[in-house]
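Here is a short briefing to read alongside the model. Take a look at the structure first, and then let us walk through it together.

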Amino acid sequence: MLLAAILAGGCARNPAAKVLASATEAVGGKDKIMALGTLTVEGEGTNPSLGQNLTPEAPLTVWKVTGFTESFDPEKGRMHMEQVRTAQFPFAMATTIRDNRSLDGDIAWDTDQDGNATRTTQRVALERRMELLHHPIAILRAAFDPTAKVGNYRKRGLDELIDVTTVNGDTVTLAVATDTHLPISVTSHADQPNLGDVSIETKFLDYQDQGGLKLPTHLVSTIDKWVRSDIRVSKNSINAPVNLAAPAPMRAALAAPADPPVSVTVQLVSPGVWWLNGDGNHHSVVIEFSDHLTLFEVPTSESRAKAVIEKARSLAFGKPLTDVIVSHHHFDHSAGLRTAAAEGLAIITQRGNLAFFKDLIARPHTIVPDELAMALSPPPMQIKVVDDEVKIKDDARELDLYHVKNNNHCDTLLMGWLPNERILIQADLYDSGWQRFPWADNLRENIELRGLKPEKDVPIHGKIEDWADVLKTMSAKPAAAEK
Ligand SMILES: [Zn+2]
Ligand SMILES: [Zn+2]
C-alpha cells in the first residue's frame, strides 16, 4: 500500500513514468513481462532494398520474406533471426538468400548457408543491440532496470512519447497510444553510410493476447521514409526452448575490423585509360585528358572511394583529378559521392539523380562523421548533369556519356564510351560472373541505339573482355531466373 502510494506520487511528478506504468499494465503487467525469458516471433512479409530503386524516388525493389523466425532474450541481450528472402525484381545473382543473424551482448555474428559463423563488427553489434529494443516487451523490460532513465515526456498528435535510456546508455523513444495505452512504436537513431543520420522506427500493430500478454502481430520497420521490413506475425511463442548464447568460437573471435584495409590495383587498358581493380567486385576507370583526369565511379564505401581517388591522383605525374562520373544512384555505386565532394571533385551524373545527390551531400552525418562532415570548410558542391548524352572532348581524348534507355534495373544509369579506343565502360548491364543476364537485350539495344562498335568492355563489375566474348557469354545463359 505504502509502495503503491510512493509509486503513484512518483508518477504524478514524472509524466514519463506514468506513461511507462500505463503501457506496462496495458501489455499485461510487470510480473508477466519479467517472467518472459525469451520470445520467439514467426511470420512472413517483405524486406525492401534501400537504395536499389529504379529512380531515387521510385518505390524500393522488394524481397519477399518467408520463414521469418526471431527469438530474443531481452534480459541477456541475446537474439537470433533467420529468414529466407526471394527477389521480386530482375536480379543477376542468387534470387533466394538465407539470412542468419545473431547477437549475444556485444558479440554479433552471421552464419552462412553452409553453417559457417563469422563475427561481425562492433557497429553491427551496436545496431543489433538497438534493434533488440524495437519490441514492446524488450523496451518495457529495459525501462524497468533500476539504472535506466525514463523521461522527456511529450505528445505527438494522439500519442504520448517518452525517451528511455538503457543501462547500456542507448536512448530510444517509445510512443504509447493515449486510448489503449499500448506501445505503438519505438524509434532509435543510427548511421546509414549513404544517408548519414537516420531514424529507425518500428511500429507495433494488431495486438493479440498470448499467455496473459498483449503482443503485436504486425511489425513495420522504417528507415527515415523508407520501409525496410514488414512482417506479419503468425505465431508468438513465450519461453520456447532456444539457445541464444554465443558459441565458444564466436566468443573467442575478434570483432571484424570496422575499416578493413582497401587494396586498389591498376591495369593499363590503353594509353591514358586505367582500370582500378582490387578487392571486391566494384571497379573504377581513370581517363586522362590533356590537362586533367576524370574518374568513372567511386563505389562501395568511403574508404574504397578514398583509396581509388588517391590511386587515380598518382597515375599521371600529378595531373589533377578534377571530376568523377557516378554511374547511377544505387547505394553501392554512389557510396563515394560525399567523399568525392569532400575532395573537391565535380560530380557528373544523370539528370534524374541531381536532387537526390544534392540531398545526400547536404545530409548531416553526426553519428559516424565522414570526411565531408568533418571538413572545416567543405568545397562548394559541383554537380554536372547529363540528360541524354554528352561528349567530353579535348586534344587528348573524347569520352561520350550516354543515358541507358529502357533499363528496368535503373533509369538514371550512364554508360561511358571512348570512341577512339572503342572501349565501353558500363555498370550493372553485364558481368561475366553473373548467373544470368537480365539486361543483355537492353545492353545490345543501347549499343545499337548509339551506333557503337565496341572492341572491349571495361566494366565496373566483372573483368575486362573483348566485346565478341561479351556477346558470346550473354547468349549462352538465360536472361531470367528459372521458376
Ligand atoms: Zn545498380
Ligand atoms: Zn552494381
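His-333 and Asp-428 are both buried, where buried means under 20% relative accessible area, exposed over 50% and partly exposed in between (1.4 Å probe, protein chains only). Asp-428 has a relative accessibility of 7%, and His-409 is buried too, at 16%. Please keep in mind that this is a predicted model: local features need pLDDT of at least 70, side-chain atom pairs count only at pLDDT 80 or more, and totals for chains, interfaces and linings use all residues. Residues are numbered from 1 along each chain as its sequence is written, chains are lettered from A and ligands numbered from 1 in the order in which they are written, and side-chain values use heavy atoms, with hydrogens and water left out.

**Zinc ion (ligand 2)**

- His-333 (NE2), Asp-428 (OD), Asp-428 (OD) and His-461 (NE2) coordinate the zinc ion (ligand 2) at 2.0 to 2.7 Å; donors are N, O and S atoms within 2.8 Å of the metal (3.2 Å for Na, K and Ca), and water is not among the atoms, so sites may look incomplete.
- The angles among the four donor atoms of this zinc ion run from 53 to 136 degrees, an irregular site; four donors count as tetrahedral if all angles lie between 85 and 135 degrees, four count as square planar and six as octahedral if opposite donors are over 155 degrees apart and all others between 65 and 115, and anything else is irregular.
- Along the chain, the donor residues of the zinc ion (ligand 2) have the spacing H-x94-D-x32-H.
- His-333, in the loop between strand 18 (321–325) and helix 8 (337–342), pairs with Asp-428, in the loop between strand 24 and helix 11, and 95 residues separate the two; helices (H or I, at least four residues) and strands (E, at least two) are DSSP runs, numbered from the N terminus.

**Zinc ion (ligand 1)**

- Asp-428 coordinates both zinc ions, ligand 1 and ligand 2, which are 4.0 Å apart.

**The whole chain**

- The protein chain has twelve helices and 26 strands.
- Its C-alpha trace spans about 90 × 55 × 45 Å along the principal axes.
- Of the 483 residues in the protein chain, 52% are buried.
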